[in-house]
Amino acid sequence: MTDSKVKTVDKKIDVYERQAVLYDEIYASQGKDYQEEARQIHNVIDSHKRSDGSQLLDVGCGTGGHFPFLSKWYKVEGLDLDGHMLAVAKRRFPDISFHQGDMANFNLENQFDAVTCLFSAIGYTKKAESMQKSIVNMAKHVNPGGVLVVEPWFSPDQWTVGRPSAVFVDKPDLKIARVNISEQRDNVSVINFHILVATPGKVEEFTELHELGLFTKEQYLRGFEMAGLKVEHDPKGITGRGLYIGLKS
Ligand SMILES: C[S@@+](CC[C@H](N)C(=O)[O-])C[C@H]1O[C@@H](n2cnc3c(N)ncnc32)[C@H](O)[C@@H]1O
C-alpha cells in the first residue's frame, strides 16, 4: 500500500502484493462487513440519485471488497493508485474493469451514475487542497443527476495521539499480529504498522507507514461546494466514520 520497510523478503513472491493479500485477511478478521456496507451504500445512492443509469465507479477500490455486493445493483468499475492492490482485485474479479490512477487527477473520459470513495481512501490525499481537488475531479466523473459518496477519515478533534491498537489473525496456516500507536504530524495522522506474519516454515516482519490527512467537516463541505455539488453530511455513515453525499444537478 504506502511506504513500507521489509526486513525479511520472500524472493519468490512480490512482497508488496503479499501485503495487499494480507489486507483482506486483516479486515476479515476484524469482521468488516462489506456486504452490509454495500447494502447501505446502495440505499444512500438509490435515495439520492436522479439519473436513470446504473454505472458505478469506486475510487480507492483497493482489493475490491464491496464489488461482489454492489454488482447486484450496478455495473461497477474500480480505480486505485496502488498496482498491488489492483493486482489482487483483478485476480478476484477478472470480469470487472479496473483503472490505475490518482483520485486527484485521473481522467476516464466517462461519467457514472454513482462515484464512491469508501473506507477513508480520501484521507490518503493528506492535504486539504489535494482532498478538495480529488472531490472536484471525482465529481467530474459523475453524470448529471448522479451522486458522489465519500466516506471520510477522522477529523482533527476525533484523533487521539499515543493510543495503542492491535489486530490479530489466527488461522491454522496464517498468524498475523499488527500493532501500532496513533501518531500525528501537523494535521496528518501517522500510523506505522508493525506487522508479524507466520506461515508454515517462516516468520516475516514488516513495517507499513500510512499517513492520512485529518480534515474538518468544513473542509470536506468546501470540496463539494468547489465541485458544484449539493451536499449532505451523515455523521454516522456506514461504519461510524460518517458519509458525505453529493448530488450533481
Ligand atoms: C483503506 S483502503 C480502502 C480500500 C477499499 N475501498 C475498501 O473499502 O477496502 C484505501 C485505498 O485507497 C488507495 N489510494 C490511496 N491514495 C489514493 C489516490 N490518491 N488515488 C486513488 N487511490 C488511492 C489505496 O491504494 C488503498 O487501496
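## How two helices cross

Helix α5 passes helix α6 in a right-handed crossing. This is a predicted model, so let's look at what the pair does in it. Two packed helices are described by the angle between their axes and the distance between those axes. Here α5 spans residues 128–140 and α6 spans residues 217–226; they pack at an angle of about 40°, with their axes 8 Å apart.

On the α5 side, the contact is made by Ala128, Met131, Gln132, Ile135 and Val136. Their partners in α6 are Gln219, Arg222, Gly223, Phe224 and Met226. Sorted by class, this contact of α5 with α6 holds 6 nonpolar, 3 polar and 1 charged residues.

## The annotated domain

The unreviewed UniProt entry carries the annotation "domain: Methyltransferase" for residues 57–146. Over residues 57–146, the chain is 30% helix and 27% strand, and the end C-alpha atoms lie 11 Å apart.

## Around the ligand

Which residues are closest to the ligand? They are Gly60, Gly62, Asp82, Phe119 and Ala121, out of 19 residues that surround the ligand. The shell around the ligand divides into 11 nonpolar, 5 polar and 3 charged residues.

Terms used. Residues numbered from 1 in each chain as written. Predicted model: local features only at pLDDT ≥ 70, side-chain atom pairs only at ≥ 80, totals over all residues. UniProt positions renumbered as here; feature names shortened; annotations may be inferred. Helix = DSSP H or I, 4+ residues; strand = E, 2+ residues; numbered from the N terminus. Near = placed C-beta within 6 Å. Nonpolar A, V, L, I, M, F, W, Y, C, P; charged D, E, K, R; others polar. Axes fitted to C-alpha atoms, helices over the stretch in contact; angles between N-to-C directions. Left-handed = near helix turned anticlockwise from the far one by under 90°. Contact = placed C-beta atoms within 7 Å.
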